[in-house]
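This report is written for someone meeting the structure for the first time.

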Amino acid sequence: LSSGTPAPSYKDIALFYWPLALTSTVSLAIHPMISFFVGRGRLPLESLAVIPVVNGLSFIFRSFGLSYQEVAIALIGQSPKSYPKVRNFACALGLAASAGLILIATTPLSHLWFERISALPPDLADFASEVTLIIAVFPGLSVLLSFQRALLVTVKDTKPVTFATFIEVLIIVIVLTVGIEGLGGVGAFVAMAGLLIGRAAGNAYLFPPTLRAARSPSINSAINQA
């Protein structure tokens, strides 16, 4: 804080913090919920066997987006002029993260990862490769989400982050219910489709508030100077 900026009150801190804390709490409910539905779908044992492996591989590439959020908050908060470069870097990072996951899922690297490293039998390794392709763009969407959250945190507008998480979870529940209970789909395929569609819905919900944040006086002037 600069010398002319008053310190935030406890109420200000609570109003800023609780949406972010609630977001993390709601997000933790996703994986137990997926396990419940997957166990009721087709190929439950196979699906429950490969989902942790696929999630682990996906997390490696999604982790670039998780660490990016703190970097974006620090850089944009310190100097709004850095916004264009932070935005462009997010685009490149998202494409690279998704491309890396696609590369492993569609090349012999899949057998190296799923059979040699993850110790899956050949039939489950092939199954895991197919499941991975469904969420191939998930790392890119995760980078986009981190960028959106970073921008909203920078302008101190955190409530949309919570609503986006609720929408993401709701969409996942709908996809799981329809795909497994209604259509009798393969658990792993439906679960990964639910994760992907839910994340895309969350990204879509955050676009309007993110655009408003980008039009804030300090950041908008930086865009015009870029």
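In this predicted model, helix α4 and helix α5, the latter spanning residues 109-117, pack at an angle of about 80°, with their axes 5 Å apart. Because angles of 65 to 115 degrees count as roughly perpendicular, α4 and α5 are described as roughly perpendicular to each other. Their contact brings Leu 103, Ile 104 and Ala 105 of α4 against Leu 109, Ser 110 and Trp 113 of α5, and by class it holds five nonpolar residues, one polar residue and no charged ones.

Helix α4, which covers residues 83-106, also packs against helix α7, residues 138-154, at an angle of about 160° and with the axes 7 Å apart. That angle makes α4 roughly antiparallel to α7, since angles over 145 degrees are counted in this way. The crossing of α4 past α7 is right-handed. On the α4 side the contact is made by Tyr 83, Val 86, Arg 87, Ala 90, Leu 93, Gly 94, Ala 97, Ser 98 and Leu 101, while α7 contributes Phe 138, Pro 139, Gly 140, Val 143, Phe 147 and Leu 151. Sorted by class, the residues of the contact of α4 with α7 are 11 nonpolar, three polar and one charged.

A further partner of α4 is α3, and these two helices pack at an angle of about 175°, with their axes 10 Å apart, which means that α3 is roughly antiparallel to α4. From α3, the residues Leu 57, Ser 58, Phe 61, Phe 64, Tyr 68, Ala 72, Leu 75 and Ile 76 meet a set in α4 that includes Tyr 83, Phe 89, Gly 100 and Ile 104. The contact of α3 with α4 divides into 15 nonpolar residues, two polar and one charged.

| Helix pair | Angle | Distance between axes |
|---|---|---|
| α4 and α5 | about 80° | 5 Å |
| α4 and α7 | about 160° | 7 Å |
| α3 and α4 | about 175° | 10 Å |

As for the overall layout, the protein chain has 10 helices and zero strands, and its C-alpha atoms fill a box of roughly 65 × 35 × 25 Å, taken along the principal axes.

The largest pocket has a volume of about 720 Å³. It is lined by 26 residues, of which Ser 27, Arg 62, Leu 66, Arg 149 and Arg 199 are the closest to its centre. At least two residues of this lining come from each of α1 (10-27), α2 (30-38), α3 (44-78), α7, α8 (159-182) and α9 (187-214), and the largest share, seven residues, is supplied by α3. By class, the lining of the largest pocket is made up of 11 nonpolar, 10 polar and five charged residues.

Conventions: Residues are numbered from 1 along each chain as its sequence is written. This is a predicted model: local features need pLDDT of at least 70, side-chain atom pairs count only at pLDDT 80 or more; totals for chains, interfaces and linings use all residues. Side-chain values use heavy atoms; hydrogens and water are left out. Axes are lines fitted to C-alpha atoms, for helices over the stretch in contact, and angles run from 0 to 180 degrees between N-to-C directions. Helices (H or I, at least four residues) and strands (E, at least two) are DSSP runs, numbered from the N terminus. Angles under 35 degrees count as roughly parallel, over 145 as roughly antiparallel, 65 to 115 as roughly perpendicular and the rest as oblique. A crossing is left-handed if the near helix is turned anticlockwise from the far one by less than a right angle, and right-handed if clockwise. Contact means heavy atoms within 4.5 Å. Ala, Val, Leu, Ile, Met, Phe, Trp, Tyr, Cys and Pro count as nonpolar, Asp, Glu, Lys and Arg as charged, and the others, Gly among them, as polar. On a 1 Å grid over the protein atoms alone, a cavity is a set of points where a 1.4 Å probe fits but cannot get out, and a pocket is an open set with protein on both sides within 12 Å along at least five of seven lines; lining residues have an atom within 4 Å of a point. Grid points are joined across faces, edges and corners, and a volume is the space filled by probe spheres set on the points.
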